[in-house]
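Please read this report with the sequence and the 3D view side by side, following each residue as it is named. The headings below take one topic at a time.

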Amino acid sequence: MSIATPASAATSRTEMYGVNGAYLGYGYWASRPYGVHDNGYLYVEDNYCDGSNGIIAGLYVHRSGRWTLVNVVSVRGCGSTNYIDVKRYYDGGPRQNEEILFKVCKLLPDGTWKDCKNKTSYNTDF
């Protein structure tokens, strides 16, 4: 699957590295107008052969003074990928130009999110 998007979309790629500097994988977010609902998508890739660990990414929207989780996608397994379309705005997804938080973390075997990296942006197609 290609994750490239035209320059008109807001995008974020967050790479994850292990404590020894090994490249583990990444999470990627693209804004509207991409995805099946024209509201963006999330993509994760696990590039490290370390058993049951993985990569997880969450997309949050800022409403009523707090961050609310909209979508989450995860992957485990050497060379594995996963993709999810962001929800429609009327199903709880971000509205056009709404502030979002994209969080990418290491995913431990017990489900713990570790060493997360956060980026904020806006759900816009410029």
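Predicted model: local features only at pLDDT ≥ 70, side-chain atom pairs only at ≥ 80, totals over all residues.

The backbone of Ser64 has a phi near 55°, which is a positive value in a residue other than glycine.

A positive phi also occurs at Asn97, where the angle is about 70° although Asn97 is not a glycine. Asn97 sits in the loop between β6 and β7, and with a relative accessibility of 46% this residue counts as partly exposed, because the exposed class begins only over 50%.

## The loop between β2 and β3

Several residues of interest belong to the loop between β2 and β3, and one of them is Pro33. The peptide bond that runs from Arg32 to Pro33 is cis, with omega near 10°.

Is Asn39 buried or exposed? Asn39, which is also found in the loop between β2 and β3, has a relative accessible area of 5% and is therefore buried. Leaving aside residues up to four places away in sequence, Asn39 touches Ser31, Arg32, Tyr34, Val86, Lys87, Arg88, Tyr89, Gly93, Pro94 and Asn123.

Val36 lies in the loop between β2 and β3 as well, but at 60% relative accessibility Val36 counts as exposed. When residues up to four places away in sequence are not counted, Val36 touches Tyr83 and Asp85. Val36 and Val86 are 50 residues apart in sequence, while their C-alpha atoms are 8.3 Å apart in space.

## Disulfides

How many disulfides does a search of the whole structure find? The search finds 2, and if the bonded cysteines of the protein are numbered in sequence order, the pairing reads 1-2, 3-4.

Cys49 is exposed, with a relative accessible area of 57%, whereas Cys78 counts as partly exposed at 45% relative accessibility.

Another disulfide joins Cys105 to Cys116, with an S to S distance of 2.0 Å. Here too the pair links distant parts of the chain, since Cys105 is in strand β7 (residues 99–107) and Cys116 is in strand β8 (residues 113–122), 11 residues apart. The link of Cys105 and Cys116 is right-handed, with 110° about the S-S bond. Cys105 counts as buried at 0% relative accessibility, whereas Cys116, with a relative accessible area of 34%, is partly exposed.

## Nonpolar cores

The largest nonpolar core has 17 residues, of which Trp29, Leu42, Ile55, Leu59 and Phe102 touch the most other members. The elements that contribute two or more residues to this core are β2 (23–30), β3, β4, β5 and β7, and β4 gives the most, with 4 residues. A second, separate core consists of 5 residues, including Tyr26, Tyr28, Ala30 and Tyr43.

Which residues does Trp29 touch, not counting residues up to four places away in sequence? They are Ala10, Thr11, Ser12, Tyr41, Leu42, Leu59, Ile100, Phe102, Ser121, Tyr122 and Asn123. Asn123, in this list for Trp29, is also among the residues touched by Asn39.

## The largest pocket

The largest pocket holds about 220 Å³ of space. Its lining has 16 residues, and those closest to the centre of the pocket are Gly18, Leu24, Asp50, Asn53 and Lys106.

Looking at where the lining comes from, β4, β7 and β8 each supply at least two of its residues. By residue class, the lining of the largest pocket divides into 7 nonpolar, 4 polar and 5 charged residues.

Technical notes
Residues numbered from 1 in each chain as written. Heavy atoms only, no water. Disulfide = S-S within 2.5 Å. Buried < 20%, exposed > 50% of the residue type's maximum accessible area, 1.4 Å probe, protein only. 1 Å grid on protein atoms, 1.4 Å probe; cavity = no way out; pocket = protein on both sides within 12 Å on 5 of 7 lines; lining within 4 Å. Points joined across faces, edges and corners; volume = space filled by probe spheres on them. Nonpolar A, V, L, I, M, F, W, Y, C, P; charged D, E, K, R; others polar. Core = buried A, V, L, I, M, F, W, Y, C linked by side-chain atoms within 4.5 Å. Contact = heavy atoms within 4.5 Å.
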